[in-house]
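Colleague: I am new to this structure. Could we go through a few of its parts?

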Amino acid sequence: MEREGSSNHWDWNNPETRRRLEDLFFDERGYIKSKSEESKEFWVFFERFQRFQVLQKQKTRRSDVGEEEGHKKKLADLPKEYDPRYRINMSIILSREAERALHGHQKKGHKSRNYEDIPIDKLTEFKKAILHYLDFNQRQSFGKLTKLRKERSSLPIFQYKDKIVQMVRDHQVVVVAGDTGCGKSTQVPQYLLAAGFGHIACTQPRRIACISLAKRVGFESLNQYGSKVGYQIRFESSRSPATKIVFLTEGLLLRQIQRDSDIPQYQVLIVDEVHERHLHSDFLLGVLRRLLPQRPDLKVILMSATINIKLFSEYFDQAPVLQVPGRLFPIQVIYQPIPQEEAVSKSEKLDPRPYLRVVQAIDHKYPTDERGDLLIFLSGVTEISTVQEAIQVYATHTQRWIVLPLHSTLSIAEQDKVFDLTPPGVRKCIISTNIAETSVTIDGVRFVLDSGKVKEMSFDPKAKMQRLQEFWISRASAEQRKGRAGRTGPGVCYRLYAESDYDAFAAYPVPEIQRVALDALVLQMKSMGLGDPRIFPFIEQPPMSSIETAILYLKDQGALDVYEELTPIGNLLAKLPVDVVIGKMLILGSLFSLVEPVLTIAAALSVQSPFLRNATNNPECTTARKPLESDHGDPFTLLNVFNEWLQIKSNRGSNSRKWCRRRGLEEQRLYEMTNLRRQFKELLKDHGMLQESETRTVDRYRRQRQHKERKELHQLKREHERTEKRKRKVLKLQDEELGTSSDEDKKSSKERNNSVDIQDVKFKLRHNVDELRELSGAGEELSSRQLSLLKLIVCHGLYPQLALPDSFNSCRKDSDQVFHTKSKQGIVLHPTSVFSSNPELLQVDEDQEEVNVNDSKNRGLSSKHQIVGFVSLLETNKPYLVNCVRLPALQGLLLLARSLDTNTDCCRIVCDGWIEMNMEDPENTLHLISEAVKVRLAWEKVLRSRLEKSNRRDFDEDDKRRWRREIDGLRAASG
DNA sequence: CTCTCCCT
């Protein structure tokens with residue numbers, strides 16, 4: 001009776017009821033884990049199932065069709081091949097408690113559990129629902145699996161499956177050449193795994209490719225391998241001991257080889273996209289060629305587009321080649337060379353008219369209800385803006401296009417817009433750099449418009465200057481660009497050059513190794529014991545002058561000795577994943593109690609600038625940025641940005657995303673910096689340059705709070721992962737009258753604020769913000785003494801990258817300030833530099849002189865003169881100094897210059913044979929020089945002894961005391 | 001008055 005009664009008032013939706021059922025049926029042994037994401041999914045299913053059953057009862061009350069049959073037909077579209085044999089054996093899915101409850105075997109002692117008021121028919125019903133749920137899921141998986149099998153077997157490469165396996169069995173090196181869409185990157189690793197190979201690594205030039213390939217391959221196997229497919233990139237890994245296939249970046253594999261040249265952890269190495277000819281992949285091929293005889297059991301598969309295959313095959317002793325056809329739709333090519341008068345416009349600005357004409361032609365020729373977006377390839381950001389402006393006018397007028405720029409200096413949010421959808425009858429017009437050639441793949445592109453131009457970085461070894469210049473693309477690039485039109489259907493490629501131009505293009509782009517500075521490469525080669533880099537058998541030799549320049553530079557920097565062997569410093573530099581310049585800062589920085597800001601600056605100079613270019617036009621942003629600017633130079637501005645951001649981060653309740661947006665900062669770059677500085681710190685510790693930090697004592701209250709917060713963060717992360725499915729937004733047309741964009745921005749930013757900031761969650765799981773803030777001293781202002789030491793450390797890293805202001809600068813306007821280096825005259829400040837907008841900081845201000853002469857030692861000397869340290873020299877339209885620091889000339893040069901020459905009466909000092917200082921007080925000059933020499937000797941001694949001891953961890957107390965004394969002396973003298 | 005693109 002009682003049971004009947006409670007059954008009538010039964011409510012499946014009662015949370016308490018649900019909790020109790022979960023307790024009873026879901027446990028650790030069960031297929032549905034209690035409180036798991038799956039249990040949530042189950043309840044969603046359950047509600048549908050209940051509704052369905054009610055419906056079904058009404059319909060089939062008098063029908064002969066069994067209830068169960070009915071469900072099966074309605075619940076899912078299942079393939080005919082499904083066989084109920086695949087069903088899970090029910091007996092194992094229920095917890096013991098549940099079985100007892102169902103069979104009424106509850107023992108007296110278990111009364112506390114109190115299931116008796118749950119009616120037995122409800123228990124049975126619930127059990128049935130679980131059964132259906134599991135069955136439903138299995139059928140779904142089964143359906144997915146058959147669909148995937150079909151897809152996989154329709155890939156062009158599928159025909160060659162056995163052939164590939166056989167070739168790999170028979171040869172140590174195999175080349176697989178296949179064009180876009182043949183499926184080589186996803187299938188080859190799986191074929192090899194299925195054939196019994198294990199420990200498979202597949203390298204990719206880009207991080208995102210590693211993640212998406214691991215995801216795709218994991219998905220194709222329906223995660224039946226579980227964690228058997230994974231990826232590993234810097235700072236991120238989904239690898240586990242069970243991983244059989246790992247996708248990793250070329251750079252990461254090279255670091256692994258540097259640690260253990262035999263890489264015993266791998267049996268098969270697949271090097272993908274070798275045709276792209278990146279510095280890393282060319283080097284990796286060289287390293288592997290050396291390794292093969294030592295590892296006869298190692299299998300290497302090179303994967304390439306069908307480009308220049310002979311080169312790769314020959315490099316590996318005529319390795320066999322398998323060519324696989326690609327799968328692209330046909331693409332019509334239309335050559336439309338730019339008329340003479342538009343090709344060379346007077347303003348030297350790109351003429352957008354030929355581009356606009358193509359857009360209009362598309363509107364004219366193709367009905368708006370036909371699918372297809374347009375992708376325009378241009379060489380650079382300014383070109384994109386010019387063309388964008390012109391097309392936007394037309395787009396606003398016709399309401400048929402949404403114009404989107406795409407390049408790497410755009411905020412990540414803006415880059416992601418190219419994946420959004422358009423309203424019906426509207427096409428996307430994506431105007432892009434070569435980022436869309438390989439790195440960003442946009443489906444749905446039907447039209448490609450190719451300018452035929454690309455900007456490429458080259459290197460001038462004489463001035464140690466980077467040069468960014470525009471060139472014609474290669475035929476290979478032209479084909480790659482064209483191919484972007486045929487991914488989802490037949491396409492059209494408009495080329496704004498003549499077919500004869502195309503024929504005159506180079507066949508391939510110049511490999512990176514032949515264009516860039518090889519400092520880091522040579523250093524790494526030395527550290528890997530690869531011998532003389534001049535005679536290393538690269539697949540294609542870099543210019544000998546590049547190698548010589550690199551060796552000379554490394555010698556000059558003390559990384560190589562006269563025999564071109566690694567010095568202790570060089571050895572350490574080779575292990576730091578940064579430019580030599582940054583590595584030197586880190587090494588010197590670790591000798592002082594100023595490591596923390598040095599770590600931050602080194603990290604900041606190793607990532608893309610967090611300052612978004614777009615925001616420079618926004619006056620609100622520039623005002624909000626003002627307080628972050630440092631008088632001392634750009635690296636210090638970056639330091640301020642990081643420290644301020646960290647303050648915001650550790651302040652619960654404040655929104656760092658909003659803080660960044662207001663200042664036009666890309667927060668992602670700050671996250672990257674946090675990861676980098678931690679890696680630097682750990683490497684310096686590993687090599688004995690820093691002492692292990694004492695474990696901090698945290699009071700119990702705080703520990704509890706941290707524990708609770710972490711739990712919540714994990715919960716948020718899981719929640720996010722469950723609901724992750726990226727929803728593509730529908731883009732809006734720009735309003736004809738006034739840009740509704742600002743309104744739109746506000747709205748979308750609000751929406752974004754409401755959702756979980758997953759980057760913030762991940763960041764807080766990875767780093768202890770409070771600890772980070774306290775350790776990095778983010779809240780504290782540096783004393784002027786610390787600041788001046790910090791500058792010296794930074795400039796010691798930069799040395800000899802120093803520039804002198806031209807003596808007539810005070811007569812020039814802000815943007816025309818001229819500087820000189822030893823090897824290059826007439827350089828200007830990059831407009832992003834603080835000094836560019838505040839050039840007076842670098843000028844000798846006669847009024848200020850009075851104020852400065854309060855230090856007796858410096859009386860009458862050029863302490864007011866400033867020299868400029870810079871991180872890099874970049875020539876675009878003009879040669880620019882990038883990332884500048886100012887340094888008091890006298891102090892800086894005395895402490896940094898390689899050579900100091902004086903005349904007999906000491907009224908002149910010539911530094912490094914090019915900077916001359918006129919001294920007013922010869923007696924004091926001598927004193928200063930001897931002080932400087934003392935400091936430099938101490939500096940060197942400390943460094944050497946630290947490096948020599950770096951293999952031993954046990955510094956004795958005497959050492960420490962001595963170092964501290966010397967460093968203090970040094971600090972006093974240089975402050 | 002401004003910078004192609006990756007990566008340890």
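Colleague: How many bridges join strand β2 to β5, and how do they run?

Modeller: This is a predicted model, in which local features need pLDDT of at least 70, side-chain atom pairs count only at pLDDT 80 or more, and totals for chains, interfaces and linings use all residues. Residues are numbered from 1 along each chain as its sequence is written, chains are lettered from A and ligands numbered from 1 in the order in which they are written, and side-chain values use heavy atoms, with hydrogens and water left out. Strands (E, at least two residues) and helices (H or I, at least four) are DSSP runs, numbered from the N terminus. Strand β2, residues 200-204, is parallel to β5, and the bridges between them number 5.

Colleague: Which residue stands opposite Leu-248 in β5?

Modeller: Strand β3 (residues 229-233) also runs parallel to β5, joined to it by 4 bridges. Opposite Leu-248 stands Gln-232.

Colleague: Is strand β5 largely enclosed or open?

Modeller: Buried means under 20% relative accessible area, exposed over 50%, partly exposed in between (1.4 Å probe, protein chains only). Ile-245, Phe-247 and Thr-249 point one way and Val-246 and Leu-248 the other, all of them buried. Since 5 of the 5 residues of β5 are buried, the strand is largely enclosed by the rest of the structure.

Colleague: Which residue lies 88 residues along the chain from Thr-549, with C-alpha atoms separated by 6.5 Å?

Modeller: Thr-549 belongs to helix α21, residues 544-556. Its relative accessible area of 24% makes Thr-549 partly exposed. The residue at that C-alpha separation of 6.5 Å is Pro-461.

Conventions: Two strands pair if DSSP finds at least two bridges between them.
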